[in-house]
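Hello,

I am passing a structure on to you today. Please have it open while you read the notes below.

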Amino acid sequence: MAETTLTAWVVRKAEGLPATRYPIRKEVLRIGRSAENDIILHDEPLVSARHIEIRCAAGVYKLCDLESTNGTYLNGERITECVIQAPASIRLGASGPELDFVLENAPVDPNATMVATASSRVIERPQEAASISQEHEQLISSAVARARRARRNGSFDQTAMIMRSMLGEALQKTTRKFKIAIAGLVIALAGVSGYGFWQIENLRKEKRTLDAQMQKIEVLIEKANQDPAEEQQLLNRLDQFQGREKALENTLLYRYGAREPEDPVTRGIHSLMAEFGAETYSIPPEFLDAVKGQIARYQGPDRWTTERALGAAKPSIEIMQQIFKRDNLPPDLAYMALAESGLHADENSPAGAVGWWQFTPATAKNFGLRVDGPVDERRDARKSTQAAARYIRDLILDFGAGSSVMLAMAAYDLGPNRVKQAIRRVPDPIRQRDFWYLYRTHALPEETREYVPKVIAAMIIARNPEQFGFH
């Protein structure tokens with residue numbers, strides 16, 4: 001370690017796997033679920049897309065929470081921004097993944113620790129990492145990135161050529177001292193790439209097969225004609241395939257090499273479901289089509305509503321998101337107001353519902369809003385959202401574990417009693433007490449089956465407006 005300029009590390013421990021040590025080599029280290037981060041934790045549902053930053057200035061390290069959904073905890077205490085001193089424990093979410101912050105002179109077990117380069121996501125061996133300069137590491141990182149791009153583009157025969165090119169460039173720039181180490185590393189990398197590609201292709205084929213089988217079962221469930229025995233048999237088979245796919249996606253090689261890009265709508269649904277605790281490996285085709293249909297409406301006939309949400313009404317949306325976040329609820333639930341009222345404070349329904357969140361007088365008063373004579377707080381963005389957050393929180397707690405956020409959305413539209421009636425009719429109260437079972441078996445009325453996808457579509461567009469034609 002004497003030859004390196006590293007001063008601190010982030011160490012991730014995973015059950016059944018070696019700990020992974022990420023060196024902090026630049027002024028800002030970003031950690032989160034999205035691909036833009038230096039350390040990517042895409043398989044952790046409690047981690048936000050951009051969760052934390054570790055910033056270094058004048059030898060002082062500072063931990064900063066990036067307005068994450070589930071918060072950041074330093075040594076057991078929730079923080080927003082503070083100085084961090086080694087050794088320290090960082091947890092992303094109250095029960096999320098734990099990372100250790102250590103200095104370079106912390107003891108290292110070479111048999112139980114992998115060293116990962118945060119900027120390139122390349123796994124290195126400790127003894128090799130200590131003997132290769134930062135310039136050479138950048139060359140290797142660049143070569144790996146080029147090889148991965150070639151594989152994604154279907155040019156599977158370019159790995160050896162890329163490695164030879166990188167080796168020649170490295171040998172021109174290096175001293176004799178490092179030539180053997182670099183050559184050995186490149187040869188090993190080329191060999192691993194060949195074997196890894198074969199394994200990755202097998203994993204991808206297995207994933208495609210499982211997806212096709214689940215898709216077929218989903219179609220059969222839609223055609224089951226309310227036969228409980230047939231539905232149950234199909235749902236059991238679907239559970240089996242989802243279990244196999246979950247096990248496949250949790251393998252290290254799949255997570256870091258075989259995962260294939262999804263279309264933006266499917267990816268958006270999976271991301272939201274992971275945050276809502278309603279993760280499903282098989283999205284019902286009807287639900288996916290409904291979300292895509294609602295996105296098309298937001299892009300077409302209802303485009304003005306979407307542009308208003310992203311423009312003139314954005315300050316109100318941001319206030320709503322802050323209120324939901326303060327109550328430890330997913331901030332994007334604010335977009336339920338778009339589906340409810342089109343973000344119009346004066347919206348009225350034939351049933352007497354008024355305002356941003358379409359409260360009836362009785363429900364509004366029950367959650368602390370004034371509705372008397374000239375005063376109607378249902379039209380107040382902040383106060384009505386505070387009431388909506390309390391109502392949705394009560395619904396989530398009322399429906400308990402499982403996909404409670406999704407059930408709460410359905411109950412907000414349909415009414416909690418009718419959703420509870422649908423739940424009470426399920427044959428298996430342990431395995432089927434969730435939104436996806438009710439949706440697949442058409443236990444919810446058509447209006448609600450349209451309402452939930454409408455809210456999800458608004459959330460997906462709001463997260464990536466440019467991708468869907470909004471600026």
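Here is what turned up in it.

This is a predicted model, in which local features need pLDDT of at least 70 and side-chain atom pairs count only at pLDDT 80 or more, while totals for chains, interfaces and linings use all residues. Residues are numbered from 1 along each chain as its sequence is written, and side-chain values use heavy atoms, without hydrogens and water.

Strands are DSSP runs of E with at least two residues, and helices are runs of H or I with at least four, numbered from the N terminus. Strand 1 (residues 8–12) runs antiparallel to strand 2, joined by 4 bridges (pairing takes at least two DSSP bridges). V11 stands opposite R21.

The whole structure has 2 cavities of 30 Å³ or more. A cavity is a set of points on a 1 Å grid over the protein atoms alone where a 1.4 Å probe fits but cannot get out, and lining residues have an atom within 4 Å of a point. A volume is the space filled by probe spheres set on the points, which are joined across faces, edges and corners.

The largest cavity holds about 50 Å³. Its lining includes Y298, T306 and A458, and helix 9 (303–310) and helix 17 each give two or more residues to that lining.

The second largest cavity holds about 30 Å³. Helix 4 gives the largest share of its lining, 3 residues.

Best wishes

Key: 1 Å grid on protein atoms, 1.4 Å probe; cavity = no way out; pocket = protein on both sides within 12 Å on 5 of 7 lines; lining within 4 Å.
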